[in-house]
Amino acid sequence: MNERYVCIHGHFYQPPRENPWLEAIQAQPSAHPYHDWNEKVTAECYAANASSRILDRRGLIKEMINNYAMMSFNFGPTLLSWMEIKAPEVYEAVLEADRLSREMFSGHGSAIAQAYNHMILPLANRRDKHTQIAWGIADFRRRFGRFPEGMWLPETGVDLESLEIMAEQGISFTILAPHQAGRVRNLGSGRWKEIPTGGMDTTQPYVLRLPSGRSIVIFFYNGAISRAVAFEKLLSDGETFALRLAGEFSEGSGRPQLSHIATDGETYGHHHRFGDMALAYALRYIPARNLARLTIYGEYLEKYPPSQEVEIIENTSWSCAHGIERWRSDCGCRLGGEQGWNQAWRVPLRGALDWLRDSLTKIFEESAQPLLKEPWSARNEYIKVILDRSEENIEAFLARHSTKELRPEEKIKVLSLMEMQRNAMLMYTSCGWFFDDLAGIETVQVIQYAARALELAQNLSGRSLEDDFLGRLEKARSNAQGRPDGRRIYEEKVRPSFLDMERVAAHFAISSLFQNKNSHAETYCYRATIEDRRVCRAGRSKLVNGRMRVRSRITWEEKGIFFSALHMGDHNIVCGVGREADGDEPGRHLDEIAQAFSKGSIPESLRIMDKHFGRGIHSIESLLKDGQNEVLDLILEPSLKEAEAVYQKLYEDNAPLMRYLKEAGATPPRMLYMAAEAVLNTSIRRAFEDMNFIGGEIKALLDEVRTQGIKLDEEGLDYAARNIFVRLGKLLLENPGNSDAMERLLGAVTILDLLPFKINLWEVQNAVYKLIRLHSASFKGVSNNSLRFLAERLFIAFE
């Protein structure tokens, strides 16, 4: 048994989804009720695996485990970058798992690196391969605090050149699919053995001798079990999963054996609900039943170096039966789509991006040569700036690589060159070709990166490459209704994302109508410094005039801008912005607008704005999307309060009548029902938000809901209740002696049975589970009974 090992590898990855002008993900309606797909998959998978449940026979939670600490895994660097800001608790759990795993696996960590933004490396040029690998390593070192032993190849797309660069940069091993092995032989033997279909022995590692004389170790995962996990519902039962993994060993083999699989990490919770729990159960069950020892690749390699040599089949991958054609041709590999769809668009998309990459290379080299000692070396090290955009760090980067002391405008130029190159690599993210249509959000995303690179190139060189690029892109045609070509998709889905300093200034100016902005304000990757701000009011109308400087944290580009924002009530907003260099004496124009406004002549104010700002006129539509929602909420707030007061009075005046009608079997008037529905839902939500669980108010409201037959806003109430449960749980975890928090949380869990819908208890269970494990000994008498009651109501075993 001691020489039988099991290793489970999860490839956790989401494509970069950030708007390249904002460096942030905007709302994605297809991920509703979540803000975006990263948030959705994090809730369903990444967070779930950080504290996965193992249940006892009663169905109570007997243990929560961090799956990442007991398996092999890689996370995409761009995903971790998002997670660090947007899901910090999950991010810390991932890092902690790697620290814990080193204690379990002989000093080896469970995390391995990944080539940076999931570019298909065999289709990349040598420079991009080098940068992708270097950035993946640097990102890993910054996050995990150590050098990665292994690296995941995107889609396991492999060629010898990529492996050479990985080995050159210190990577010891990678993981491939069994069909990517060509032939094997014993070390020191001259006889090669061809691998028949399905005949690869995946229970041992292999060494690959590279043309340079270097070598790298390859682990070929068990294809059959990996396929069963991903597509054949093996995760429907944790014990069956464990037994399948432990059933691959050969009796009497006379050597150590490794049963290991590799799948998308999202399999465990996102693709298969509760898949994380099956994984957790298997990770506990296998060693507990002495079926095998858990290991990770680094530890196994140290204990049992390869005894066989392998040759790979180049230009292959794990997700395309035709090698790597899925990312450059209409090979037939697809997810589904409608009957008659094709993926012929992949060819011209790849061609357009390759042409753009090569064109950008010329601009990069020509523009960077006078400013940088080694432009491509600077690009390889630019990952240090991406990971830390503090001014001090950027200045240090510029000082290391520049040929001289740079002027401010030259610093902007160097940073713009680096960003042009970064976007030129992001545009090759594999998901742009993986899915079924040119108009899909993943493909539109990579075209956005291309558009940003085009814009930066034009700013740097004065030459526009856009028409030539679109001439190539228009040869790609979507399967969607009307069969739009690439040019039309660019104009309709990409160009609206473009952002210049004037629109950023308009966003700040319009927002300042509703929020008392400080002298400094930030949104996304921009910072506005308000140098002058004057406010005029007339009834419901408001005018804000002023001057600001807007600066990009990414390129350091900075513009001085005058603005005049006018709110005429409701959603009627007009804003004019213009650069300081535009026209003469722009401050005088602002005075003219203010004078007209003070005389009560809004039409005259609008006429002056139109005359002097011209194309710089903006409306509420110019607000960046999430900011637009915030402003609309502020605009609607007074109207909603008025409507709420009307509904409240209508409900209170007619509640007895509605009860009578319900008892009499009569249908209440629609208007009265709507008033009751609005009032009761709002009252319950506010009771949750006020943590008013004591005194019976919520019970009384729920009784009224049942009496009246009112439909509850389950999604909204679940969200409100869940947030309060989590807040109370964290307060107790921070201070176990917080009697008020304990009393309120006890009241909260008491109402669970009264609710006609289920509350998502996942986060509060995490908090209370930790409370029990860390502080149960300090709870005595009544407080111990309270803790026991909490555990019971939250389905946690309390021993």
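This note goes through the overall build of the chain and then one of its strands, β8.

1. The model is a predicted one, in which local features need pLDDT of at least 70 and side-chain atom pairs count only at pLDDT 80 or more, while totals for chains, interfaces and linings use all residues. Residues are numbered from 1 along each chain as its sequence is written, and side-chain values use heavy atoms, with hydrogens and water left out.

2. The chain has 28 helices and 20 strands, counted as DSSP runs numbered from the N terminus (helices are H or I of at least four residues, strands are E of at least two). Its radius of gyration is 30 Å, close to the 28 Å that the globule rule gives for 799 residues, so the chain is as compact as a globular protein of that length; the radius is taken over C-alpha atoms, and the rule is 2.2 Å times the number of residues to the power 0.38.

3. Buried residues make up 55% of the 799 residues in the chain, where buried means under 20% relative accessible area with a 1.4 Å probe, protein chains only.

4. Strand β8 (residues 181–186) runs antiparallel to strand β14 (residues 308–312), and 5 bridges join them; two strands pair if DSSP finds at least two bridges between them. In this pairing N186 stands opposite Q308 of β14.

5. Strand β8 is also joined by 2 bridges to strand β9 (residues 193–194), again antiparallel, with R183 opposite E194 of β9. The two strands β8 and β9 form a hairpin with 6 residues between them, and G188 in the turn has a positive phi of about 90°.

Notes
Buried means under 20% relative accessible area, exposed over 50%, partly exposed in between (1.4 Å probe, protein chains only).
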